[in-house]
Amino acid sequence: MMKIEIWSDVMCPFCYIGKRRFEDALQQFAHKDSVEIEWKSFQLNPDMVTDPSVNINQYLADAKGWTLEYAQQMNNHVTEMAAEVGLTYHMDNAIVANSFNAHRFTHLAKKHSLGANAEEALFKAYFTDGKNVDDTDTLIDLGTSIGLNAEEVKQTLATDTYADDVKHDIAEAQYLGIKGVPFFVMNSKYGVSGAQAVPVFIQTLEKAFEEWNAEQAKPKLDIIEGPTCGPDGDC
């Protein structure tokens, strides 16, 4: 299977849009059954303090030095982009929340081969349903909705389980020079940054797969021939 790694953060509006565009491209890709996808953690704002009382427009205005009107315009823009790929964003209802526990939740889901399901559930919860993705009860509900055991989710969040896994993903992103998300790495060779248009994803998928497929046909070793004995007794 050709591996595709996707770094994202649940609070990134372009990550959900990029997910949909990538999925569209993958459906059109002839070899989609030969692709393995792994979601990886990235935090846009690791120092963010969860505060359900703060409106996301006001938070962005304060954090980036924007006017409130400009923050609203930016969120309206991404809402329109989301609608183009069939997503409904309610940015006015988005809850300011640190994403670290949500990332630990996705690593638990990944353990049960439900990583993609967890990402979809988190994105919808944050951008569409206005849920607090740093809240334990919310994450338990999301977990059970995708097939995770409620008690296992609760125990995971009550400890620091998967914290190192999240940090490892973030460190790997830094090593690769990833400065923003979404970021797609195909066959450990090709990086696609951002919520690119579907044709860009298709073109990169085809190129990466062609090279990956050629690599599978090559001998695993470069052999220097010399005198040998074979299993049929020939020496």
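Reader: In the salt bridge where the side chains of Arg20 and Glu23 meet, what is the N to O distance?
Author: Happy to start there: this is a predicted model, where local features need pLDDT of at least 70 and side-chain atom pairs count only at pLDDT 80 or more, while totals for chains, interfaces and linings use all residues. Residues are numbered from 1 along each chain as its sequence is written, and side-chain values use heavy atoms, with hydrogens and water left out. A salt bridge means a side-chain nitrogen of Lys or Arg within 4 Å of a carboxyl oxygen of Asp or Glu. For Arg20 and Glu23, the N to O distance is 3.0 Å.

Reader: Which helix do Arg20 and Glu23 both lie in?
Author: Helices (H or I, at least four residues) and strands (E, at least two) are DSSP runs, numbered from the N terminus. Arg20 and Glu23 are three residues apart, about one turn of the helix, and both lie in α1.

Reader: Thanks! What relative accessible area does Glu23 have?
Author: Buried means under 20% relative accessible area, exposed over 50%, and partly exposed in between (1.4 Å probe, protein chains only). Arg20 falls in that middle class at 22%. Glu23 is partly exposed too, because its relative accessible area is 30%.

Reader: Which residue does Lys110 form a salt bridge with?
Author: The closest N and O atoms of Lys110 and its partner Glu38 are 3.2 Å apart. This pair links distant parts of the chain, 72 residues apart, with Lys110 in helix α4 (residues 100-111) and its partner in strand β2.

Reader: How many residues of strand β2 are buried?
Author: Strand β2 spans residues 35-41 and is mostly covered. Of its seven residues, the buried ones number five.

Reader: How many bridges join β1 to β2?
Author: Two strands pair if DSSP finds at least two bridges between them. In this pairing Lys3 stands opposite Glu36 in β2. Strand β1 (residues 2-8) runs parallel to β2, and the number of bridges joining them is seven.

Reader: Which hand does the β-α-β unit of β1, helix α1 and β2 have?
Author: A crossover is right-handed if, with the strands pointing away from the viewer, the path from the first strand over the helix to the second runs clockwise. Here helix α1 covers residues 13-27, and the unit made with β1 and β2 is right-handed.

Reader: Now to the rings: how many aromatic pairs does the structure hold?
Author: Rings of Phe, Tyr and Trp (its six-membered ring) pair if their centres lie within 6.5 Å; planes under 30 degrees apart count as stacked, over 60 as edge-to-face and the rest as tilted. By that rule the number of aromatic pairs is twelve.

Reader: Why do the rings of Tyr89 and Phe127 count as a stacked pair?
Author: Their centres are 4.5 Å apart. The pair counts as stacked because the planes lie at 15°.

Reader: Which residues do ring pairs link into a cluster?
Author: Two members are buried: Tyr89 at 4% relative accessibility and Phe127 at 0%. The cluster consists of Tyr16, Tyr89, Phe123, Tyr126 and Phe127.
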